[in-house]
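Please look at the structure before reading on.

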Amino acid sequence: MLRYLLYIGLIIASCNALPKQERRFPDDFLFGTATASYQIEGGWDADGKGENIWDRMTHTKPHVIKDNSNGDIAADSYNNYKRDVEMMRELGLDAYRFSLSWSRILPSGFSNHINEAGVAFYDNYINEMIKYNITPMVTLYHWDLPQKLQDLGGFLNPLFPEWFEDYARVVFEKFGDRVKHWITFNEPREICYEGYGWTTKAPILNVTDIGTYYCAKNLVIGHASAYKAYVNDFKATQNGECGITISVNWFGPLTDSAEDEYAAELRRQAEWGIYANPIFSEDGGFPKEISEVVAKKSLEQGYKKSRMPEFTDEEKKYVQGSSDFFGVNHYTATYISADEYKTEYITPSLLADIDVGSYRPPEWLSSASAWLKLSPNSIYNSLTHLHNKFKNRKFYITENGWSTLPESDLIDEDRITYYRSALNSVLDAIEAGVDVKGYMAWSLMDNFEWMEGYTERFGLYHVNFDDPERTRTPRKSAFVYKEILRTRVIDPNYEPDTLTMWIDEGH
Ligand code: GBH
């Protein structure tokens, strides 16, 4: 009898287990990796490139970077682009997401002078990808604003949307015959909050009361201008799509109380709602709850009007619906509480405006980055939330990844654990009906990790920054990722039998 029961138990267990193991990514799902110009290219003043805000900041205030380093050479992709594409072929990538350096193409930021050597570099990079059937996914702006535009106020200048549209038209014109996936901005939160409202990204403006909010409005209008330029003047002949990438980490309520749910919603609006709502929602403009909170606090603080600007009806209409897809950069999660785990914030500022507490369970696996922990199900939580809130959009995960310390070896088990967990969460979202079209791992290779310099490494490939050749070597995770791409299945037990790379036939 006991044996019989065990036998039944086994059948039930294996029936339950089977569909999970068989879960497959669709054949047309785009698997890739991502990078950004300033983080990999180097060649900071090569062949006519203009100065950008990261050049200026790292050269004049080197101490703001943890190891006093900069991206002058970085992974030297400016001279190593063929090796980069060879790595893409080794991994068997469907797609590669990278960004264009605005000041390499337009040294002063304006379209009166186009730097042909810069255009040629991107032509070569793109052509090499196309030759091997790798789909380029191109970000127009990943944080490296031409310095001259910053001198004019950058994202806070009301002319910013026009400048961005002019630049966008140049790149659509030059590369749109081959590039079919465009992303205007990478992570508005990091541009506006960290760069204008705080000190953790260039131009470290630290205008805590209004920097984030005014930047946010100009940024989404600039995005819409570039999108409309594409739709009106390029889409019919070039046949591509254009969207935006927003960082959507998961912020869920600590308890199921209404107060905690409201607190979590406020934090989500502060993090990404102020950028996503104007573009993707039906009501348009900034989200209601955070607008009300900032308006009320501003008046109490003696400001003549809200520190958060409004959108006119015309502006709302202009921005609404201006995206063919929602690009999501996702890394981690945080629990939000209405009154526990609070810290003192500089007042006035975005975090003081929403004034909520945040908590991360200490048992979550930790990476080399203080902010990055393995948060189970957080991709599923984010994507299903966005899917419900913004009505069946098309999504790409445009970044997701894990950091290790520079001195750790090539056997990166934690990164493998992280990628498997994240990709299972993507499959959960797809099964729940979310339209996810692709996934880009951050990053193809180690690179300049902004304020952390070279002290945190996100690469599937290790880069030796002491070697003038910037030699790239695959980590164990590269082989695991390659196998997932090849089979379209996540095998939790797969072990590569060599750490020597090769290129499969047909790549
Ligand atoms: C991405 O930014 C960037 O697009 C990419 O360039 C970068 O290299 C990569 O990620 C790895 O950092 O959780 O409240 O402590 C991610 C930016 C960095 C934003 C950490 C949130 C911590 C905020 N994220 N930051 S918090």
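**The surroundings of the ligand**

Which of the 18 residues around the ligand come nearest? They are Gln39, Glu190, Arg360, Glu449 and Trp450; a residue counts as near if one of its heavy atoms lies within 4 Å of the molecule. The model is a predicted one, in which local features need pLDDT of at least 70 and side-chain atom pairs count only at pLDDT 80 or more, while totals for chains, interfaces and linings use all residues. Residues are numbered from 1 along each chain as its sequence is written, and side-chain values use heavy atoms, with hydrogens and water left out.

By class, the shell around the ligand comprises six nonpolar, four polar and eight charged residues. Here Ala, Val, Leu, Ile, Met, Phe, Trp, Tyr, Cys and Pro count as nonpolar, Asp, Glu, Lys and Arg as charged, and the others, Gly among them, as polar. Helix H9 (residues 188–195) gives the most to this shell, with three residues; helices are DSSP runs (H or I) of at least four residues, numbered from the N terminus.

**Contacts and burial**

Polar contacts are pairs of N or O atoms within 3.5 Å. An oxygen atom of the ligand is 2.9 Å from an N or O atom in the side chain of glutamate 399. For asparagine 186 the corresponding distance is 3.0 Å, and for tyrosine 331 it is 3.1 Å. Taken alone, the ligand exposes 580 Å², of which the protein buries 87%; these areas come from the Shrake-Rupley method with a 1.4 Å probe.

The ligand sits in the largest pocket, as more than half of its atoms lie within 2 Å of the pocket's grid points. On a 1 Å grid over the protein atoms alone, a pocket is an open set of points with protein on both sides within 12 Å along at least five of seven lines, whereas a cavity is a set where a 1.4 Å probe fits but cannot get out.

**The cavities**

The structure holds six cavities of 30 Å³ or more, a volume being the space filled by probe spheres set on the grid points, which are joined across faces, edges and corners. The largest cavity contains about 80 Å³ of space. Its lining (residues with an atom within 4 Å of a point) has 13 residues, and Ser375, Ser378, Tyr418, Ser421 and Ala422 lie nearest its centre. Helix H17 supplies the largest share of this lining, four residues. The lining has six nonpolar, seven polar and no charged residues.

The second largest cavity has a volume of about 60 Å³. Among its lining residues are Trp54, Glu190 and Lys201.

How values were computed: A polar contact is a pair of N or O atoms within 3.5 Å; within protein, one must be able to donate a hydrogen and the other to accept it, and residues adjacent in sequence count only if both atoms are side-chain atoms. Helices (H or I, at least four residues) and strands (E, at least two) are DSSP runs, numbered from the N terminus.
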